[in-house]
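Dear colleague,

Please find the structure below, followed by a summary of what was found in it.

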Amino acid sequence: MRTPVTVNEEDLDETFASAHERVRRKAKTGTVETPDDTVAGAVFLDGVAVYARYGNESGVEALEALSSRPDVGVRLEPSKPENVRMFRTYLRYIGDDAILNAEPLDVSSVETQVVEGVRVGGVRNVGAGSWRGETNTEAKTFFPSGVRTVAVPDLVALERYVSAEDLSGYAAGDGRVVTFRNGEFVDADSVDLAAPVRTDVGLGGGWVVVDSDAETSEEDDEGFLSRIF
């Protein structure tokens, strides 16, 4: 199996699935391989799988096959992030079909979240103001409900995935958010969304993509309020 330059290696007395979970939770970068004669293993960047092979299987199918292996004993070979990024770029250049642009998640739903004090383009916003005796002292941004679909390791992979899938929605990173509409990035800002967007999948690094078909046009407070009252 092709692998990036590694720093050292460590034998782990656990299954591939449990090693994958630990790598994801701790945002590790490197390779997890089975030490037998089977060509089997996956490369991770910031805890997200970017490459996987299992015999004749590649990509998502290989990752699923590896995760179902019941045997214990894998090898963890850490790498520097820049080495994995160079490895990923080279594999894209040669057209290796084992590369993963995004790692599939559980496709669970995410509820609408309201964040005060920030305005992010690409989702619904309400400006500060007052109406009917009620005072809204801060601008609010509404991140719509949607479906959590994949994890991606960095902005390069995020842009590639969003464009290929023609997505509308947003992606949550560590204290950051990126919005997109019809496959195009719209805005990005420092926003702390509620923890479940990322922590429910045990992701220590990378981004969780939320696909939403909710209304994403930015509105001023007058237009928004006129439909409520």
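**Findings**

Of the 229 residues in the protein, 49% are buried (under 20% relative accessible area, with exposed meaning over 50% and partly exposed in between; 1.4 Å probe, protein chains only). This is a predicted model, in which local features need pLDDT of at least 70 and side-chain atom pairs count only at pLDDT 80 or more, while totals for chains, interfaces and linings use all residues. Residues are numbered from 1 along each chain as its sequence is written, and side-chain values use heavy atoms, leaving out hydrogens and water.

The protein has six helices and 18 strands (DSSP runs numbered from the N terminus: H or I of at least four residues for helices, E of at least two for strands). Of the contacts (heavy atoms within 4.5 Å) between residues at least 6 apart in sequence, 67% join residues at least 24 apart.

Beyond its neighbours within four places in sequence, Leu193 touches Gln113, Val115, Phe143, Tyr170, Ala172 and Val177.

Tyr93 lies in helix α3 (residues 81-94) and counts as exposed because its relative accessibility is 72%.

Yours sincerely
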